[in-house]
Amino acid sequence: MYRIKMIAGVSLLALLVITGCGSEDHNEVHMVNGDMRETTASKDILPTFLDDKQTTVETIYAEVAQHKDLLEHIPCYCGCGESAGHTSSYDCFINEEDNNGITWDDHGAKCGVCMDIAAQSISWLNEGQSVKEIRERIDEAYKEGYGTPTPTPIPEV
């Protein structure tokens, strides 16, 4: 009897792992490099990996989702270009967007450099600075003592 219960328990656990645990609005995936990705139905639904984070972190994630045009032109200087294949600051927070929703990356939530670059860039944009000016300021501020910058295209305007 014990063996039957054990097999049933292991089978149920295997089924949960194979099918995934999630709701209609969330789909969580753990990545090999230690970063977690979670897909939600839209930018308005933040990932559950932020549930135990400070409100500031949640606010920055929500703002990043609204500032793709800015942050795709801002490099990250934490070294994630080499370690995680990121190409801009935006990638530290959002992996991809498609018809299925938005796939968030928890890398930014674990990295002070990522958080600072995104928050400062958005703040400067709100103060009226251009994307090019912000890029120049970030490059200057992080040129020494930080990781290799992501291979981020320089904005034309």
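Author: A term to begin with: angles under 35 degrees count as roughly parallel, over 145 as roughly antiparallel, 65 to 115 as roughly perpendicular and the rest as oblique. This is a predicted model, where local features need pLDDT of at least 70, side-chain atom pairs count only at pLDDT 80 or more, and totals for chains, interfaces and linings use all residues. Residues are numbered from 1 along each chain as its sequence is written, and side-chain values use heavy atoms, with hydrogens and water left out.

Reader: OK, so at what angle do α2 and α5 cross?

Author: Roughly 60°, and the axes of α2 (residues 55–66) and α5 (residues 112–126) come within 10 Å. The two are therefore oblique to each other.

Reader: Which residues meet there?

Author: From α2 you get V57, I60, E63 and V64, and from α5 M115, A118, A119 and I122 (contact means heavy atoms within 4.5 Å). By class, that contact has 7 nonpolar, no polar and 1 charged residues.

Reader: New topic: where is S89?

Author: S89 sits in the loop between α4 (80–83) and β3 (94–98).

Reader: Is S89 buried or exposed?

Author: Buried, because its relative accessibility is 1% (buried means under 20% relative accessible area, exposed over 50%, partly exposed in between, with a 1.4 Å probe and protein chains only).

Reader: What does S89 touch?

Author: Leaving out residues up to four places away in sequence, S89 touches L71, I74, P75, C76, I117 and A118. L71 is also in contact with V64 and I122, among others, beyond its neighbours within four places in sequence.

Note on methods: Axes fitted to C-alpha atoms, helices over the stretch in contact; angles between N-to-C directions. Helix = DSSP H or I, 4+ residues; strand = E, 2+ residues; numbered from the N terminus. Nonpolar A, V, L, I, M, F, W, Y, C, P; charged D, E, K, R; others polar.
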